[in-house]
Amino acid sequence: MRSLFLKIFLWFWAIQVLIGLAMFAYWSIQPETVQTRWHAATSSAISMYSQAAAEEADRYGETGIKNYFERLKGISRIQAGLEDESGKLLGGVVPEQTRPLITEAKTTGVPEILVKEDFTYAAIRTTGPAGKTYIFVAAMPRPAPRGGPQTQYVRWAMAILISGIICYLLTLYLTRPILRLRDATHELSSGHLSARAGADMERRRDEIGGLVRDFNHMAERLEALVTSQQTLLRDISHELRSPLARLNVALGLARQRASEQEQPMLDRIELEAERMNQMIGQLINLARMETASGPPQPSRVQLDEIVREVADDAEFEAQQRNCSVKLDAAQTCSTEGNPDLLRSAVENVVRNAVRYSSPGSSIDMSLKSDDGWATVEVRDHGPGIPEADIDRVFRPFYRVATARDRESGGAGLGLAIAERAVRLHGGTVTAENQKEGGLKVTIRVPAKGGNGNHG
Ligand SMILES: Nc1ncnc2c1ncn2[C@@H]1O[C@H](COP(=O)(O)OP(=O)(O)O)[C@@H](O)[C@H]1O
Ligand SMILES: [Mg+2]
């Protein structure tokens, strides 16, 4: 569910860490320029110090050197030493570490510099104003590095942590509207047409804000459209009731005056009027369910009882077609909802099975409960439904062409009613053709309120 979040978050974070590493690598591979500059600066400083020391030595002798070295130490913490060409110490100190430097400096004439432990050592050959040659050495304490390797790790950890927090916030900012939009879409598609994506997101001025505005606009249009369609359906079905009632009254009157030969015609009219009445009743039911948000007057419904009763009722009808209804398993289980609606759902499915199953075959029913769901399966041995139509049979008035031709009686409302009724209970109905022929319809509703077999 959070996969988009995770993807964006991890990518952002990885990229930030990589950039950090790249920059670190760049600076640690490039230090030559830094070192060269440092070397040049140190060399020129050493040259200056050495010339000053040679001048002091030429002019004022050992006291001059001593004074100068003391000043140097006071100002820049440099310990200096001066020797003459033969290696005789003239002033200051010459540390052991500078010995190899001195040997080299004697031949090269440029400052020899060596970094060792906490000091930078340097040696240079220099000539005073009087023409005497000296060897000048210096030991400069290096500035203490800021923290050891431990602090380096802590710093890296801090940087990664901080970039992680930033990435987290950024990802949240990017994905939250998408997740909320998805929630709204889910709600909308599950029938809550009033679902909208938050008004606060609509105010955003970026593309996501635009998307949210478009989505809400679409949802509004959809709601208006569906509502008007539902109102139309409800109004029409209600409006048809009264002319039908008047028709029945007129039929009664006509019967009284009609002759014997005319009675069969009137019977036919009565039959058709009764069919119409049933159809209108179904339509009113359907319209009511479309607008409801949950089952009316919910109570505990014993599903196994309903399934048993429907199977018994259907058995009678089935026998007329030389079929039989077999209830293979009926686990004790119950749900929360409206018993009449659930019964009509199961009944519509079973009646279809009885009607469309081939003569002499059996209709297999079962009720099972597990994982918190109660599952009713109804399987027949008829022609099934063409694959292309299989999802559409749950739409009102939808009938497969053969059923329409056959004049099989229904108006195509049975499965639509079943589907709405089950959906009101938070369940689903699916139809599936069987390989060996025939159709299997599965009704699933959440099992609630105690369950005989599973405690
Ligand atoms: N068990 C079945 N076997 C074959 N076709 C079926 C079956 N159940 C439903 N159908 C098809 O689905 C259509 C819709 O079913 P339904 O909504 O109950 O309407 P009807 O009033 O025609 O029974 C039917 O007209 C029929 O073509
Ligand atoms: Mg039907």
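1. In this predicted model, the shell around ligand 1 consists, by class, of 11 nonpolar, five polar and three charged residues. Among the 19 residues around the ligand, those that come nearest are Asn352, Asp380, Gly410, Gly412 and Leu415.

2. Two helices, α9 and α11 (414-424), each contribute at least two residues to the shell around ligand 1. Helix α9 gives the most, with four residues.

3. Which contacts involve oxygen atoms of ligand 1? A polar side-chain atom of asparagine 352 lies 2.7 Å from an oxygen atom of the ligand. The backbone also takes part: an N or O atom of leucine 415 is 2.8 Å from a ligand oxygen, and a polar backbone atom of glycine 414 is 3.3 Å from an oxygen atom of the ligand. Of the 530 Å² of accessible area that ligand 1 has on its own, the protein covers 96%.

4. The model also contains an open sheet of five strands, in the order β7-β9-β10-β12-β11, with mixed pairing. Strands β7 (324-330) and β11 (428-433) are the edge strands, each pairing on one side only. From one strand to the next, the twist averages 15 degrees.

5. Strands of a sheet pair through backbone hydrogen bonds, either parallel or antiparallel. Strands β9 (residues 362-370) and β10 (residues 373-379) run antiparallel and are joined by seven bridges. Serine 366 stands opposite glutamate 377 in β10.

6. Helix α8 (residues 303-320) packs on the sheet, where it touches β7, β9, β10 and β12 (439-446), and its direction makes about 165 degrees with that of β7. Helix α9 (residues 339-356) also packs on the sheet, touching β7, β9, β10 and β12, and its direction makes about 170 degrees with that of β12.

How values were computed:
Residues are numbered from 1 along each chain as its sequence is written. Chains are lettered from A and ligands numbered from 1 in the order in which they are written. This is a predicted model: local features need pLDDT of at least 70, side-chain atom pairs count only at pLDDT 80 or more; totals for chains, interfaces and linings use all residues. Side-chain values use heavy atoms; hydrogens and water are left out. Two strands pair if DSSP finds at least two bridges between them. Axes are lines fitted to C-alpha atoms, for helices over the stretch in contact, and angles run from 0 to 180 degrees between N-to-C directions. Contact means heavy atoms within 4.5 Å. A residue is near a molecule or strand if one of its heavy atoms lies within 4 Å of it. A polar contact is a pair of N or O atoms within 3.5 Å; within protein, one must be able to donate a hydrogen and the other to accept it, and residues adjacent in sequence count only if both atoms are side-chain atoms. Accessible areas come from the Shrake-Rupley method with a 1.4 Å probe; for residues, only the protein chains shown count as cover. Ala, Val, Leu, Ile, Met, Phe, Trp, Tyr, Cys and Pro count as nonpolar, Asp, Glu, Lys and Arg as charged, and the others, Gly among them, as polar.
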